[in-house]
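Hi,

Here's the model I said I'd pass along.

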Amino acid sequence: MTRVYNFSAGPAVLPEPVLRQAAAEMLDWQGSGMSVMEMSHRGKEFMSIHAEALHLLRELLDVPANYKILFMQGGAIAENAIVPMNLLRGHTSADYVDTGEWSKRSIQEAGKYCTVNIAASSRASGYTHIPPRESWKLDPNAAYVHICANETIGGVEYHFTPEVGEVPLVADVSSNILSRPLDVSKYGLIYGGAQKNIGPAGLTIVIVREDLLGRSLPVTPSAFDYGEQAAADSMLNTPPTYAIYIAGLVFKWIKARGGLAAMEAHNRAKAALLYDYLDSQDFFSSPIDKNCRSLMNVPFRLRDATLDAKFLEGAQARGLVQLKGHRVVGGMRASIYNAMPIEGVQALVAYLKEFAAQHG
Ligand SMILES: *Cc1c(COP(=O)(O)O)cnc(C)c1O
């Protein structure tokens with residue numbers, strides 16, 4: 001068996017020890033005689049898996065007691081609608097900061113439910129930076145302020161938590177959750193799909209301040225009503241049981257590696273290796289402003305785009321896969337989530353050097 005270095009933006013690489021444990025437990029989870037996939041979600045075995053995953057996530061992110069953690073389904077794109085349905089609370093508008101493809105998607109969807117005020121946008125610059133907080137035009141009557149904490153496609157990330165006063169701050173953290181410590185108390189709500197930095201697709205994580213619950217629009221489907229899901233301990237409908245089990249193993253893996261501070265050090269070391277090389281020569285380049293570069297998703301370009309296909313072919317031959325950039329930005333993109341070992345980034349940089357020497 002040969003495992004590749006998988007730079008996919010998502011679904012993405014998972015820690016190998018987690019996959020091995022899941023394989024070992026596939027037919028018989030801890031003497032239960034069943035696979036986790038075969039368990040009743042209300043049985044004592046799965047209830048213990050669910051409770052432990054919740055507990056570990058609360059511990060890793062140091063989630064304050066007045067926040068609920070919900071395990072839902074539908075992914076971040078569903079949350080783009082679920083957030084306004086739940087958080088408008090009698091308001092008619094919400095503020096959105098536009099930093100790229102995923103913010104645009106959130107804005108489009110929210111427009112079905114409320115008036116969207118674009119508080120700031122980096123569109124004019126081609127989404128290569130985060131608009132500085134001083135430039136935002138916030139509305140004190142907005143239901144909430146929405147940001148995308150890490151633009152998975154464009155590769156810009158917030159390296160600050162915006163101060164927005166009394167209005168709840170909402171963040172799509174799909175692609176950087178658990179990559180480093182996060183002060184949950186600064187947010188009204190954070191949400192993200194699991195398939196970037198946590199586990200299999202199908203699980204969506206929502207962490208919401210309790211005082212925001214219970215005022216959803218009457219048309220809100222029960223399964224997507226935060227208040228109803230919180231009251232039912234995320235078991236109003238059948239939760240994505242196997243994805244929760246894997247997420248729990250990933251949480252345990254992160255804890256064993258020293259928690260989020262250790263993850264941050266690991267992720268900063270990997271990102272520095274790649275960005276430092278990109279900045280050190282002119283065959284490859286990063287289009288993103290230095291103070292907004294994502295630690296998780298690193299888009300880069302070849303000086304000569306006619307070599308793109310050859311670059312990808314050579315990468316594939318070395319077991320460096322999924323490096324093609326998203327079609328809207330082109331070029332290349334290396335996603336280097338928690339589970340990407342530093343050896344993967346070292347192998348990538350070695351290949352970049354070799355390719356530049358050959359074709360530069
Ligand atoms: C992947 C991604 C999404 C879309 O998630 P789905 O699970 O496909 O709904 C939204 N926002 C961000 C930041 C993402 O990385």
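**Ligand contacts**

A backbone N or O atom of Ile-77 lies 2.8 Å from an oxygen atom of the ligand. Before the rest, some ground rules: this is a predicted model, so to speak of local features we need pLDDT of at least 70, side-chain atom pairs count only at pLDDT 80 or more, and totals for chains, interfaces and linings use all residues. Residues are numbered from 1 along each chain as its sequence is written, and side-chain values use heavy atoms, with hydrogens and water left out.

Back to the ligand. A polar backbone atom of Ala-76 is 3.1 Å from a ligand oxygen, and an N or O atom in the Gln-195 side chain is 2.8 Å from an oxygen atom of the ligand. (A polar contact here is a pair of N or O atoms within 3.5 Å; within protein, one must be able to donate a hydrogen and the other to accept it, and residues adjacent in sequence count only if both atoms are side-chain atoms.) Taken alone, the ligand exposes 390 Å², and the protein buries 87% of that (Shrake-Rupley areas, 1.4 Å probe).

The shell around the ligand (residues with a heavy atom within 4 Å of it) includes Gly-75, Ala-76, Ile-77, Trp-102, Asp-172, Gln-195 and Lys-196. By class, that shell has 4 nonpolar, 6 polar and 2 charged residues. For the classes, Ala, Val, Leu, Ile, Met, Phe, Trp, Tyr, Cys and Pro are nonpolar, Asp, Glu, Lys and Arg charged, and the others, Gly among them, polar. Helix H3 (residues 75-87) gives the most to the shell, with 3 residues; helices (H or I, at least four residues) and strands (E, at least two) are DSSP runs, numbered from the N terminus.

**Pocket and cavities**

Where does the ligand sit? In the largest pocket, meaning that more than half of its atoms lie within 2 Å of the pocket's grid points. That pocket has a volume of about 330 Å³, where a volume is the space filled by probe spheres set on the points, joined across faces, edges and corners. Its lining counts 23 residues, with Ala-9, Gly-10, Trp-102, Thr-152 and Lys-196 nearest the centre.

The grid rule: on a 1 Å grid over the protein atoms alone, a cavity is a set of points where a 1.4 Å probe fits but cannot get out, while a pocket is an open set with protein on both sides within 12 Å along at least five of seven lines; lining residues have an atom within 4 Å of a point.

There are 2 cavities of 30 Å³ or more. The largest has a volume of about 40 Å³, and its lining includes Val-13, Lys-196, Trp-253 and Asn-338.

The peptide bond from Gly-10 to Pro-11 is cis, with omega near -15°; Pro-11 is in the loop between strand E1 (5-6) and helix H1 (16-24). Tyr-127 has a positive phi of about 60° although it isn't a glycine, and its place is the loop between strands E4 (115-121) and E5 (145-148).

Cheers
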